[in-house]
Structures are given as C-alpha cells and as structure tokens.
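Student: Could you take me through one part of this model closely, looking at how its strands are joined and which side chains meet there?

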Amino acid sequence: MELRPAVFILTLPFLSTIAQSVRFQIESGVTKCIHDELKINSMTVAEYSVVNPNEGHPLPEHHKISVALFTEKEKRLHHAELVESGHFTFHVEENGKHLLCFLTDAHEPILNTTVELNWRSGVAATGWSNVAKKETVDTMELELKKMEDTISVIMEEMFDLRDREEDMQELMRHTNSIMGYLGLVSLFICLSVAGIQALPPEVAKHPMLKPKGGVCAEHTSTIVEVLLHHFP
C-alpha cells in the first residue's frame, strides 16, 4: 500500500511552533491528511497510534494504518505500512507545508479507525527536559535557552512580516502610478472636450464635431481638417 499526494481527501491545518495533540477517525479505504507550515532548520517531532476499539485484545488487522509524510514538493520524509503506532523526528530542510497522511485498508462494511496524533514543531518540539538531564544545567540556564529559542522564532516571524509589508508597499506604488496615469488621461480628455466646446459657433456646429451618445467625434483627422479650414 502506498500513499500519494494525489489521493488527499481532507486536510486539517494547525499552527506550527505549538504542540498539537489531536484525535480523529479514518474511514476504511479513505485517506485523511493533516498539514503543518514548517520553517527551515526547525525541529519537528510526531507520535501517532491507533486507539484500540477492544481494549485488552490485539488490534484487528483492518484497523492498522499506513502513514506517509510529504513536503510541499512531494518529497517523502516518512513512510510506514500497516502499523499500530509510530513516530518521526527530523530537522526541516525546506520551508512550506508538510502533509502527514493516514490510510486504512478498504473494508466492507465501512469501519472507522481512531488515530491519536501528537505533532510538535519549533520550540514545542525541543526536548528541554532531556537537555537538562544530559547537560545538568540549572533552572535559570534552562529557562534562558527556552527564551533564546522563542526569540529566534519571533524574529523569523518579524522578518516574514517585513517582507510582506515591502511587497504591499511595492504593490501600492505600482497602483498609484497607474492611477496617476489614468488621472492625466482623464484630464486630457476633459480639456479636449472643453476646448471643442469653446470653439466658434460656426465650427462647433459642424456635423463632425457633434458628440454622439456623449462621446467626441470618431474621425479625428476630419476634425483637424475643419479646424484648418476655418483657421488657415
């Protein structure tokens, strides 16, 4: 059994950099996916398991799941087939959405399989308690490490916001230039109409200068000939 991005049926978005623990059901033969927006060089950790409908008894084969994790460019980072539980941990190598998909074998009648998922990204994925045990650091240093990691995430978000603001300003400048150009064109048209209306009566009554439906005469060359005839 192989999971492919083309069979994605449902996606459930949730925030990165925050621990997420969710429980959901999968119908037999239906793929269900969850996506997380991950940033490059961040840590992501996930644990998943099937909730046994008959506690105390072995999990039936038709309740086992196949799991695959894909990047936005459809690169597969994790794959497991017909398992009861599993996990993965890795450093993100590219920005963008990462899709984690679950699938069960087709079964008649249709059955629902309950899956519990705990997916942590960014600061929440760092095992600070393990760091404290391995390095025997005191409480203050541990808190400083947490704050440093949190500040790094905040700075990345600020840089993203600044880039978006620059894009918006560039769009506004482009829009303003177009509006200014259209304003000049409108002014030129208004002045042209006013100039035609200010012509002597014998010129203004010429049939080629009479507006049709509120629009100036179509044949500009003929208008020029009339003006040259009256004003040699």
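Tutor: Two strands are taken to pair if DSSP finds at least two bridges between them, where strands are DSSP runs of E with at least two residues, numbered from the N terminus. The model is predicted, so local features need pLDDT of at least 70 and side-chain atom pairs count only at pLDDT 80 or more, while totals for chains, interfaces and linings use all residues. Residues are numbered from 1 along each chain as its sequence is written, and side-chain values use heavy atoms, with hydrogens and water left out.

Strand β4 (residues 43-50) runs antiparallel to strand β7 (residues 85-91), to which 7 bridges join it, and Met43 stands opposite His91 in β7. Strand β4 is also joined by 7 bridges to strand β9 (residues 112-121), again antiparallel, with Arg120 of β9 as the bridge partner of Val45.

The search of the whole structure for aromatic pairs (rings of Phe, Tyr and Trp, the last by its six-membered ring, with centres within 6.5 Å; planes under 30 degrees apart are stacked, over 60 edge-to-face and the rest tilted) finds 4. One of them is the edge-to-face pair of Phe88 and Trp119, at 6.2 Å centre to centre and 80° between the planes. This pair links distant parts of the chain, for Phe88 lies in strand β7 and Trp119 in strand β9, 31 residues apart. Phe88 and Trp119 are both buried, a term that means under 20% relative accessible area, with exposed over 50% and partly exposed in between (1.4 Å probe, protein chains only). Tyr48 belongs to one aromatic cluster with Phe24 and Phe102.

Methods:
Helix = DSSP H or I, 4+ residues; strand = E, 2+ residues; numbered from the N terminus.
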